[in-house]
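Look at the sequence and the model, then read on.

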Amino acid sequence: MSEPVSNFQKATEKGDFVITAEIGPPKGTNIRPVIDEAEEYLKNGKVSAVNVTDIQTAVMRSSSMVGCKLLIDSGIEPVLQMVTRDRNRLALMSDLLSAYILGVRNVLALTGDHITMGDHPGAKAVYDLDSVGLLQAIGRLEDGTDMGVDFKGRPNKLDGKPEFFKGCCVTPCADCPEPQVIKLAKKVEAGAQFCQTQAVYDASAFENFISMVGDIDIPILAGIVVLKSAGMAKYMNGNVPGVQVPDSIVKTLSDAPKEDRQKKTVEITAKLIRDLKPLCSGVHLMTLGWDHLVPDIIEEAGL
Amino acid sequence: MIVADRKPLDEIVNMLKPYENVLVLGCGACVSVCLSGGEKQARELAMQLNLRASNEGPGFHADFDCITRQCDREFTENLEKDPANFDAVLSIACGVGVGFMSELYPETPVLPGLNTTFYGANTAPGTWEEYCHGCGDCVLAWTGGICPIARCSKSLINGTCGGTHDGKCEVRDDLDCAWYMIYERLKQLGRLDEYRKMREPRDWGENRSGGPRRLTHEEVMELEEEVSNV
Ligand code: SF4
């Protein structure tokens with residue numbers, strides 16, 4: 001096996017139970033608070049890497065790349081999220097080279113939520129590549145070529161090639177898991193080395209998914225979107241495909257007095273982590289701005 | 001077939017403002033089947049425009065005509081009214097008809113009365129749905145006859161995205177997820193192996209990325225030449 005290219009990869013190869021977190025660049029230029037929070041709460045030796053979302057839910061905002069660069073400057077290892085919705089293969093490959101130049105070593109390849117779900121529904125959707133195609137593109141760059149050919153039909157050569165720890169996503173608790181599992185296998189065939197899943201709230205549904213995954217042998221980090229309120233949980237149940245928050249969790253949140261909410265959020269998340277721990281290689285915590293809870297969650301989960 | 005939808009009347013009226021004597025020209029092909037641009041619709045639209053004009057002041061008059069197809073030179077012989085005698089033609093063919101008529105009558109403005117929308121099938125009374133994208137590189141052999149380019153909202157080629165739910169697409173609840181349909185159909189055919197196969201990134205050059213497309217049948221060109229030489 002070749003040398004790990006990042007600390008995140010190193011941690012997964014060591015067999016540690018890995019924790020990753022996530023930040024979203026702001027809509028605007030005021031990115032400092034996001035980075036400062038990450039520095040305060042996510043830089044604690046337990047979080048291996050921090051994802052930076054790429055125009056998440058098709059809502060226009062500053063870029064994943066700039067978030068990654070600022071995290072690196074703050075001594076935090078980033079995961080560059082990349083969706084294929086907004087850029088064609090030229091722009092994607094160009095950004096991959098640029099990200100590598102800036103020191104980014106982890107990439108998460110995604111298709112991305114559809115433009116109609118965001119705040120610029122009149123924009124033109126690109127989808128030149130799908131997430132499998134993006135992984136293939138990364139593979140080509142790592143081989144020292146791009147996806148094009150010269151006039152003799154030979155692949156174009158790169159002057160200096162990148163190397164990434166490449167990830168993908170899957171929806172483990174989809175109502176029909178088989179097509180998801182098949183696609184995950186294709187992503188692995190296309191080069192994915194780790195997987196961070198869509199949100200999981202039900203350990204038994206996740207167990208079912210893991211049993212279907214069979215011989216797909218990459219570290220799988222169960223995704224957890226930190227639930228801030230009962231309203232948010234209900235919203236997710238109604239609007240986020242493949243996400244089912246059990247009634248018991250909704251009830252715990254709605255019964256909690258306002259001043260105890262964050263404490264409950266920590267307890268719920270920590271319990272989920274403990275339940276999921278035997279089934280996966282780590283967890284990916286999506287806090288939606290509540291980074292300050294991460295240290296408590298980690299402690300409460302006993303990690 | 002090509003599916004098209006009538007433009008809002010206000011937009012048409014606005015478009016026709018500079019002209020007094022207008023020919024509404026129907027097309028007997030696809031757009032008449034989807035009840036947007038045939039003879040009946042041409043007659044009705046001319047009537048609507050005349051009614052509107054009579055409310056707004058004199059001077060405007062719309063007449064109508066219809067030919068079998070506006071995308072073929074030979075059918076213009078069947079025109080009962082000469083477009084050249086009008087200030088403008090309002091074509092209610094698809095965009096192809098509008099463009100082709102514009103070429104045939106360079107002195108006369110030919111304006112679009114429809115928005116051309118997609119290649120579709122008549123799936124229920126009064127309903128047409130998109131089935132083909134005209135991408136230039138057909139994949140239906142390995143997708144159970146269901147087109148992921150046209151019918152998946154993201155034109156994915158390697159399988160479903162995470163947004164699929166209860167067989168529906170993340171874009172709209174009344175939209176079937178194409179990849180869920182493909183999965184079900186391939187399973188039914190005992191061909192899930194096709195779903196498992198890796199699909200290489202597409203060459204969109206066959207689509208629109210290679211510029212406007214052209215089809216030539218050499219043998220037809222040669223035949224025409226022989227006939228004209230006789
Ligand atoms: S939900 Fe289905 S049809 Fe909609 S974008 Fe995803 S794969 Fe395509």
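## The model

This is a predicted model: local features need pLDDT of at least 70, side-chain atom pairs count only at pLDDT 80 or more, and totals for chains, interfaces and linings use all residues. Residues are numbered from 1 along each chain as its sequence is written, chains are lettered from A and ligands numbered from 1 in the order in which they are written, and side-chain values use heavy atoms, leaving out hydrogens and water.

## Chain A meets chain B

In chain B, 28 residues are in contact with 28 residues of chain A. Contact means heavy atoms within 4.5 Å. The two chains bury about 2,400 Å² between them, and carbon and sulfur atoms give 55% of that area. Buried area is the accessible area (1.4 Å probe) that two parts lose on being put together, summed over both.

Two salt bridges are counted between chain B and chain A. A salt bridge is a side-chain nitrogen of Lys or Arg within 4 Å of a carboxyl oxygen of Asp or Glu. B:R196 forms a salt bridge with A:E178, with the closest N and O atoms 3.8 Å apart.

## Salt bridges overall

Over all chains, the structure holds 29 salt bridges. One of them pairs A:D119 with A:K27, and the closest N and O atoms are 2.6 Å apart. A:D119 lies in the loop between β4 (106-110) and α5 of chain A, and A:K27 in the loop between β1 (18-23) and α2 (32-41) of chain A, so the pair ties together parts that are 92 residues apart in sequence. Helices (H or I, at least four residues) and strands (E, at least two) are DSSP runs, numbered from the N terminus.

Two packed helices are described by the angle between their axes and the distance between the axes. Axes are lines fitted to C-alpha atoms, for helices over the stretch in contact, and angles run from 0 to 180 degrees between N-to-C directions.

In chain A, the axes of α5 (residues 131-142) and α6 (residues 177-189) come within 9 Å and cross at roughly 10°. α5(A) and α6(A) are therefore roughly parallel to each other (under 35 degrees; over 145 is roughly antiparallel, 65 to 115 roughly perpendicular, and the rest oblique). A:S131, A:V132 and A:L135 of α5(A) meet A:K183, A:K186 and A:K187 of α6(A).

## Helices α8 and α9

The axes of α8 (residues 230-239) and α9 (residues 247-255) of chain A come within 8 Å and cross at roughly 150°. α8(A) and α9(A) are therefore roughly antiparallel. A:A230, A:A233, A:K234 and A:N237 of α8(A) make the contact with A:V250, A:L253 and A:S254 of α9(A).

## Helices α2 and α3

α2(A) packs against α3 (residues 64-73) of chain A at about 45°, with the axes 10 Å apart. α2(A) and α3(A) are therefore oblique to each other. A:R32, A:I35 and A:A38 of α2(A) touch A:G67, A:L70 and A:L71 of α3(A).
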